[in-house]
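Subject: Structure for your files

Hello,

Here is the structure you asked about. My notes on it follow below.

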Amino acid sequence: MEQALAAQHYDLIVGLDEVGRGALAGPVMVGAVGVRSTRLDKLAVTPGVADSKLLSPKKRESIVEALEAWSDAWAVGEASNAEIDEFGIMHALGMAALRGVAKLESALRANDEAAGQLSMCAILDGSFDYVSAVVDSFDAPDLMYPIDVVTMVKADQQCASVASASVIAKVTRDRVMMSLAKQPPYAPYGWENNKGYGSASHRETIARIGPSDLHRVSWHLC
């Protein structure tokens, strides 16, 4: 897929994938991994990379630095639980993706000040383009380069850039949730184990002590 898009004269191919969509607490995040088209012919796929859901936490951690180095630029964007409650999950996903792309663009420019104007195409895992849907919304970040988006079901199992984005986003979000779990207000919810998803013990704790300020209170929590 990356090679096919490069043949359409895009300068940069960006893989996008989300994590945390179904969680009860914490942010939703979208990983963005960019690769220059001119490198694709010589770029080998990182050994072991796959959809993050198919990899153990230990395996994800073991390859994440290699995936970051594999790309020309990478970033993770996020949208908070409050934004999810206010605007809905699809808008939040789009905003997280755009924030990730904006950060990726800044990283790319920092790595190459002579980058110039680039044409970009993103491969988005799934069947719905939630990124383009929010580009012109009031809270959308400004992008340095225009970006086209193509969707692909199970792209995280078929495209190296998307699989890399999946792993980087998953590792990033897991680290955030595990760090939060150490703070007294959130310790009872067991996020070090469930990462904010709806395990039985997580739901039971919400029913017993109520939600925290990081829970998505517009959702059915228990």
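The lining of the largest pocket has three nonpolar, four polar and eight charged residues (Ala, Val, Leu, Ile, Met, Phe, Trp, Tyr, Cys and Pro count as nonpolar, Asp, Glu, Lys and Arg as charged, and the others, Gly among them, as polar). A pocket here is an open set of points on a 1 Å grid over the protein atoms alone, where a 1.4 Å probe fits, with protein on both sides within 12 Å along at least five of seven lines; lining residues have an atom within 4 Å of a point. Of the 15 lining residues, Val-19, Ser-52, Lys-53, Lys-170 and Tyr-197 lie nearest the centre of the largest pocket. Strand β1 (12-19) and helix α5 each give two or more residues to this lining, and β1 has the largest share, three residues.

This is a predicted model: local features need pLDDT of at least 70, side-chain atom pairs count only at pLDDT 80 or more, and totals for chains, interfaces and linings use all residues. Residues are numbered from 1 along each chain as its sequence is written, and side-chain values use heavy atoms, with hydrogens and water left out.

Leu-43 is found in the loop between β2 (28-36) and α2. Leu-43 and Ala-122 are 79 residues apart in sequence and 18 Å apart in space, C-alpha to C-alpha.

Regards

Conventions
Helix = DSSP H or I, 4+ residues; strand = E, 2+ residues; numbered from the N terminus.
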